[in-house]
Amino acid sequence: MSALPLSLLPDTAVVDVGGRLSIGGCDVLELAAEFGTPLFVYDEEHLRARCREAVAAFGPGVNYATKAFLCRAMARVAFEEGCNLDVSTGGEYHVARAAGVPADRLVLHGNNKSTDELRRALDEGVGRVIVDSFDEIDRIESLVADGSPVPRVLLRITPGVEAHTHEFVRTGQDDSKFGFGLASGAADVAVGRAAASPALDLVGLHVHIGSQVFEARFFEMAIEVLAPFVQRHGLPELSIGGGLGVAYVAGESSDSITDWGDIVRSACAAAGITATVTAEPGRALVARAAVTLYTVGTVKELPGIRTYVSVDGGMSDNPRPVLYGSGYEAFLPRCTDADRDAVVTIVGKHCESGDVLVRDASVPSDLVVGDVLATPVTGAYGYSMASNYNKVPRPAIVFVRDGRARMVVRRETLDDLLALEVD
Ligand code: LLP
């Protein structure tokens, strides 16, 4: 029970003497009044600074993993700051292209790319395809036989390194739906096939060990395991994927993107890897850039049990607590640095008891119905995993910068909920 660690807020967050929070020069409570709640507020300077940091750490080939958060405005920010974009489906590819990002700045991922997804990417001159299976090699070969251009490809390798992270977001272990296993020999076979195929221009290898990885040693282990393989095949590129962990709650701390770049580079040097090394950070670029604003609708005290504080969003705008048991902090932007002397359970408005945003949240005890309540570090895998469960419209997104708020995604309307229905 203490004040919110201000280190969890976006770069440009300022708390005035009265405790009111502004981000990007915009008063947060005024944003809630103007745009309504729930609302995602992104600090555009923070986004841009993290993209620049990634480019400085890994070079201009660094890829922003758009699955963490994607809309046209975000695609433009990453592109303008010098990043390439990692797209993992035809849908992400489409949004990035609609934002004006050239195809050759896109890297196409996916463990089950369809022929249509591959055809569009190849025909538009996609930058790289990260090939994930033998079936995909077959598909590319037949597309090229039909006249599509030969793509530059990296092969996704599963190194057999188990990062200690939630099992749903762990990907480097042998038992994985992703990539070609190193231990099974599939990786060697895949390199042999890709190198021999005139339909693929094999330029490198790719590895991604998982997400929300806090310990640098897992990246070092993956690089060590992969090194002999990279050298044996003498390929010019190596992507070490994404996964850098981010602090969500008090007491957590994480390496910066700059630290991560140093760790990866020295591990590669130690392992004798001379390939150009790149990466695909998602969460580390966008998570802390945003806060979500909600309005408190009901407060229900169950004596001797707990106090439920219900807000106007929930698992539809942030499914991470329900999916992964992820923790968040909560605070009141009217008194951001106040002591949080009460413990409550913050829940959403969905028809499920499991619809919990923060199980044991410290909040100021003068919290009342009508207050704007905020959760920090919601910029990654929040809006991108949002749903319309219970027909709750998805929130709006505003980018704030230099005292100006720009709505980049409007709030869904009730009529939007009917937009796909044809009968
Ligand atoms: N590259 C590949 C191949 C990936 O699969 C991912 C994430 C990334 C890069 C970016 O990882 P990041 O830097 O964001 O950790 N929904 C989960 C996270 C799933 C991550 C999936 N892949 C969550 O909310 O924690």
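How are helix 2 and helix 3 oriented to each other? The points below take this up, then turn to the ligand and the backbone.

1. The model is a predicted one. In it, the axes of helix 2 (residues 44-58) and helix 3 (residues 72-80) come within 9 Å and cross at roughly 40 degrees. Angles under 35 degrees count as roughly parallel and those from 65 to 115 as roughly perpendicular; helix 2 and helix 3 are therefore oblique to each other. Their crossing is right-handed.

2. On the helix 2 side, the contact is made by Glu44, Leu47, Arg48 and Cys51; on the helix 3 side, by Met74, Val77, Ala78 and Glu80. By class, the residues of this contact are five nonpolar, three charged and no polar.

3. The ligand is surrounded by 20 residues, with Ser211, Glu280, Arg283, Arg320 and Tyr381 the closest. For lysine 67, a polar side-chain atom lies 3.4 Å from an oxygen atom of the ligand.

4. Most peptide bonds are trans, and most residues other than glycine have a negative phi. Two sites should be read against that background. Threonine 37 and proline 38 are joined by a cis peptide bond, with omega about -10 degrees. Proline 38 belongs to the loop between helix 1 (28-35) and strand 4 (39-43).

5. Asparagine 390 has a positive phi, near 60 degrees, and is not a glycine. The loop that holds asparagine 390 runs between strand 18 (372-376) and strand 19 (396-401).

Technical notes
Residues are numbered from 1 along each chain as its sequence is written. This is a predicted model: local features need pLDDT of at least 70, side-chain atom pairs count only at pLDDT 80 or more; totals for chains, interfaces and linings use all residues. Side-chain values use heavy atoms; hydrogens and water are left out. Axes are lines fitted to C-alpha atoms, for helices over the stretch in contact, and angles run from 0 to 180 degrees between N-to-C directions. Helices (H or I, at least four residues) and strands (E, at least two) are DSSP runs, numbered from the N terminus. Angles under 35 degrees count as roughly parallel, over 145 as roughly antiparallel, 65 to 115 as roughly perpendicular and the rest as oblique. A crossing is left-handed if the near helix is turned anticlockwise from the far one by less than a right angle, and right-handed if clockwise. Contact means heavy atoms within 4.5 Å. Ala, Val, Leu, Ile, Met, Phe, Trp, Tyr, Cys and Pro count as nonpolar, Asp, Glu, Lys and Arg as charged, and the others, Gly among them, as polar. A residue is near a molecule or strand if one of its heavy atoms lies within 4 Å of it. A polar contact is a pair of N or O atoms within 3.5 Å; within protein, one must be able to donate a hydrogen and the other to accept it, and residues adjacent in sequence count only if both atoms are side-chain atoms.
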